[in-house]
Amino acid sequence: MPLRIKFGALLTQCGEPIENGELVIEDGNILEISSSGKGSAEATLDLSDHLLMPGFVNAHSHLGLTALANKLSPSKSFAGWISDLIPLNSALSNEERMKGIRSGADDMKSSGVTGLADYVADPVWLKSIAELGFRSVLFLEIIGFQKDKADGLAKEVEEILKSHDASWTLGIAPHAPYSVSAKLLRQLDHLSKKYGCLLSTHLAETDEEVQFIDKGEGPLLSLLKDRQAFDENWQAPATTPTRYLKSIGALNDMVAVHCNYIEEDVDKVQAAVFCPKSTQWFGRTKVLPVRKMLDAGIPVALGTDSMASNDSLNFLEEIRMADKLLPDVSRKEILTMATWFGAEILRLPCGKIMPGKKADIIGFRINSNWKNWYDLPFDTPTQRVDFYMADGKF
Ligand SMILES: [Zn+2]
């Protein structure tokens with residue numbers, strides 16, 4: 001049954017804001033946007049005191065780590081943070097992890113997230129996360145630095161891709177250039193093409209990664225050695241992390257996350273994710289050159305990352321932190337990053353309000369006179385959206 005929604009204002013993310021109009025949706029799809037009174041909807045929802053816009057797309061998270069909230073702090077080195085994280089993560093019980101996944105999902109939803117890219121380290125959690133109600137891409141997170149482990153790991157990934165029932169979308173996430181061998185990267189890249197799925201990785205996040213890939217030295221080398229995960233036959237690629245991935249052909253269809261050290265390599269990346277609060281949590285002095293990438297026509301989405309490097313998964317806090325960290329990026333552009341660019345790079349059929357797109361829509365109550373509608377999601381005191389519709393259901 002078609003539903004007519006009256007709105008006070010609408011940010012379509014594909015044109016100018018529309019005031020005092022109506023949206024018609026049916027079977028989870030947006031059918032039409034009209035100025036008033038047209039269409040043949042049978043039911044009407046009056047949101048004439050709301051600003052509506054596409055739901056947010058959280059383009060990078062690890063819901064499985066939510067139970068690590070408040071357990072870690074930014075330590076002296078990034079490698080030190082990883083070595084603190086590993087035992088805490090292994091010690092989580094299934095109940096703790098599931099409770100964290102649910103509470104993380106609730107925080108995301110209440111702050112307007114309808115689309116999600118999540119890294120899933122253990123396939124046993126795929127179904128639970130897929131059934132949380134997001135329009136999602138779940139990336140199988142793979143770690144394996146030793147070359148002789150590559151065949152076995154790639155085989156395991158292929159088994160999962162083969163047996164996947166297609167009721168949700170899978171992607172492959174080689175964890176990072178310092179934790180996955182070149183051989184395994186090539187194999188995962190091959191599998192992504194064979195099965196038509198997206199790749200994602202943490203890329204050029206820290207100076208420690210830059211040092212390790214260039215010279216084979218530093219805290220990440222010690223971390224791999226301490227964990228008996230180093231490969232004694234490995235030789236440092238002697239280049240930047242981005243050029244290294246490019247040289248092994250693994251940057252096509254790659255959603256690259258963080259990219260703080262990418263200034264000279266911007267043109268080599270097709271799609272990036274900026275994690276504002278995680279970046280701030282670590283106290284990064286270099287951050288993803290968002291302005292430069294947007295100017296080069298490269299879509300940059302936003303992500304929360306995990307509660308191991310954030311104090312909340314509230315997406316409204318992310319757009320507000322992006323606004324603070326990116327003085328040369330407009331609020332209109334930040335909202336595009338938070339919606340359409342996330343949908344575009346994850347190939348999700350949402351992120352814009354236009355006929356044919358999915359009805360993933362959020363709304364904010366209009367509580368004062370706004371000169372610029374793009375300001376409302378940033379300036380409203382609320383930490384929650386006032387309206388939430390996913391796939392036409394609210
Ligand atoms: Zn991450």
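This is a predicted model: local features need pLDDT of at least 70, side-chain atom pairs count only at pLDDT 80 or more; totals for chains, interfaces and linings use all residues.
Let us begin with a pair of strands: strand 4, residues 43-54, and strand 13, residues 361-365, pair in the antiparallel sense over 5 bridges. Here, helices (H or I, at least four residues) and strands (E, at least two) are DSSP runs, numbered from the N terminus, and two strands pair if DSSP finds at least two bridges between them. Within strand 13, Phe 364 is the residue that stands opposite Leu 51.

Residues are numbered from 1 along each chain as its sequence is written.

In the order 3-2-1-4-13-14, 6 strands form an open sheet with mixed pairing. At its edges stand strand 3 (29-34) and strand 14 (387-389), each with a single partner strand, so one side of each has no neighbour in the sheet. From one strand to the next, the twist averages 40°. As background, strands of a sheet pair through backbone hydrogen bonds, either parallel or antiparallel.

I turn now to the helices. Two packed helices are described by the angle between their axes and the distance between the axes. Axes are lines fitted to C-alpha atoms, for helices over the stretch in contact, and angles run from 0 to 180 degrees between N-to-C directions.

Helix 4 (residues 150-163) packs with helix 5 (residues 182-194) at an angle of about 20°, their axes being 9 Å apart. Helix 4 and helix 5 are therefore roughly parallel to each other; angles under 35 degrees count as roughly parallel, over 145 as roughly antiparallel, 65 to 115 as roughly perpendicular and the rest as oblique. Their crossing is right-handed, a crossing being left-handed if the near helix is turned anticlockwise from the far one by less than a right angle, and right-handed if clockwise. Helix 4 contributes Ala 150, Leu 153, Ala 154, Val 157, Glu 158 and Leu 161 to the contact, and helix 5 contributes Lys 183, Leu 184, Gln 187, Leu 188 and Leu 191. Two residues are in contact if their C-beta atoms, placed from the backbone, lie within 7 Å. By class, this contact has 8 nonpolar, 1 polar and 2 charged residues. Ala, Val, Leu, Ile, Met, Phe, Trp, Tyr, Cys and Pro count as nonpolar, Asp, Glu, Lys and Arg as charged, and the others, Gly among them, as polar.

For helix 11 (residues 315-325) and helix 12 (residues 331-346), the axes come within 10 Å and cross at roughly 135°. These two helices are therefore oblique to each other, and helix 11 passes helix 12 in a right-handed crossing. Ile 319, Ala 322 and Asp 323 of helix 11 meet Arg 331, Ile 334, Leu 335 and Ala 338 of helix 12.

Finally, the loops. Lys 147 is placed in the loop between strand 7 (135-142) and helix 4. Leaving aside residues up to four places away in sequence, Lys 147 touches Ser 181, Lys 183, Asp 231 and Asn 233. Lys 147 and Asn 233 are 86 residues apart in sequence, yet 8.8 Å apart in space, C-alpha to C-alpha.

Asn 70 lies in the loop between strand 5 (56-61) and helix 1 (78-90). Although Asn 70 is not a glycine, its phi is positive, at about 65°.
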